[in-house]
Amino acid sequence: MKKSLLILIFSIFFLGCKKAPENIDSIPEHDSLTIVSKMVNEDRVINVWTPKSYKDGNDSFPVLYMPDGGIKEDFNHIANTLAKLINNKNIPPIILVGIENTERGRDLTGFSSVKDDAQYCPLTDGAKDFRLFITNELIPEINTKYRTTNRKGIIGESLAGLFVMETFFLTPETFNFYIAMDPSLWWNNHYLEQNTSSFLKEFPEQEIKLWFAGSNTEDISTHTRNIYKSFKDNAPENLIYKYSDEPNEKHNTIFRATKEKALIWSLNNN
């Protein structure tokens with residue numbers, strides 16, 4: 001994998017395993033619970049935000065799941081954004097479930113045969129176990145403790161965006177909608193991009209939505225654009241997708257810059 005020194009330094013700080021702490025947002029009222037996971041063999045802290053109407057009635061709500069969902073990660077600003085959009089009637093009410101990180105690089109990356117990828121994250125193929133944690137342990141727990149509908153989605157940026165895209169391609173029936181900002185598609189020699197057309201041939205018949213975006217980071221936008229081109233040629237009718245090309249955004253600005261339009265598009269009928 002040939003990368004310039006500048007790209008290497010940029011990747012280590014912004015595309016690597018560690019999630020920069022988010023401390024600029026007010027902490028919304030929320031629940032926290034701990035799940036003892038057999039899938040990842042550790043305790044996991046889960047943060048749950050419910051809309052105001054959840055407490056005011058008996059209705060059930062769809063759920064948005066989010067890796068990087070710790071209080072010092074992305075949970076606060078996404079919960080506050082949901083509250084704003086719901087209050088303005090831009091989106092219907094939804095529950096947010098944030099998954100706090102322990103070993104981010106392990107959980108959010110799948111298999112890689114590229115030894116250089118170990119500069120950024122361990123080559124553990126941990127995403128498959130993390131995905132099983134979400135589907136086999138977390139989702140049933142949330143459905144038991146909260147009033148939920150069958151509709152659910154997932155949102156993520158950078159490595160979490162890679163996990164969102166990998167889940168979309170490998171097990172698309174897991175969620176009804178997917179949101180990925182600047183997914184780290186360079187992982188494993190951009191395997192997901194290279195195999196997009198093959199994945200689409202196996203796509204399920206159910207309607208699934210995908211919103212994804214690429215910034216001015218070349219190691220990412222090249223691959224998001226190529227996936228978009230492949231979608232235009234190969235996407236089945238039941239895949240509803242939107243690509244947001246964001247050349248004026250950097251890798252560390254794109255999440256906040258695009259989150260509102262991503263949520264509005266994904267959570268409404270189009």
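This report covers aromatic pairs, charges over rings and the setting of one proline in a predicted model.

## Basis

The model is predicted: local features need pLDDT of at least 70, side-chain atom pairs count only at pLDDT 80 or more, and totals for chains, interfaces and linings use all residues. Residues are numbered from 1 along each chain as its sequence is written, and side-chain values use heavy atoms, with hydrogens and water left out.

## Aromatic pairs around Tyr-54

The structure holds 20 aromatic pairs. Rings of Phe, Tyr and Trp (its six-membered ring) pair if their centres lie within 6.5 Å; planes under 30 degrees apart count as stacked, over 60 as edge-to-face and the rest as tilted. Tyr-54 and Phe-61 have ring centres 5.7 Å apart and planes at 45°, so this pair is tilted. Tyr-54 and Tyr-146 also form a tilted pair, because their centres are 6.2 Å apart and their planes stand at 55°.

Tyr-54 lies in helix H2 (residues 52-56) and Tyr-146 in the loop between helix H5 (127-145) and strand E5 (148-157), so the pair ties together parts 92 residues apart in sequence. Helices (H or I, at least four residues) and strands (E, at least two) are DSSP runs, numbered from the N terminus.

Tyr-54 is buried at 11% relative accessible area. Tyr-146 is buried at 10%. Buried means under 20% relative accessible area, exposed over 50%, partly exposed in between (1.4 Å probe, protein chains only).

## Charges over rings

Arg-147 lies over the face of Tyr-54, 4.0 Å from the ring centre. Lys-209 lies over the face of Trp-265, at 4.6 Å. The criterion is NZ of Lys or CZ of Arg within 6 Å of the ring centre and within 35 degrees of the ring normal.

## Pro-62

Pro-62 sits in strand E3 (residues 61-66). Pro-62 is buried, at 18%. Beyond neighbours within four places in sequence, its contacts include Pro-93, Ile-94 and Thr-149; contact means heavy atoms within 4.5 Å.
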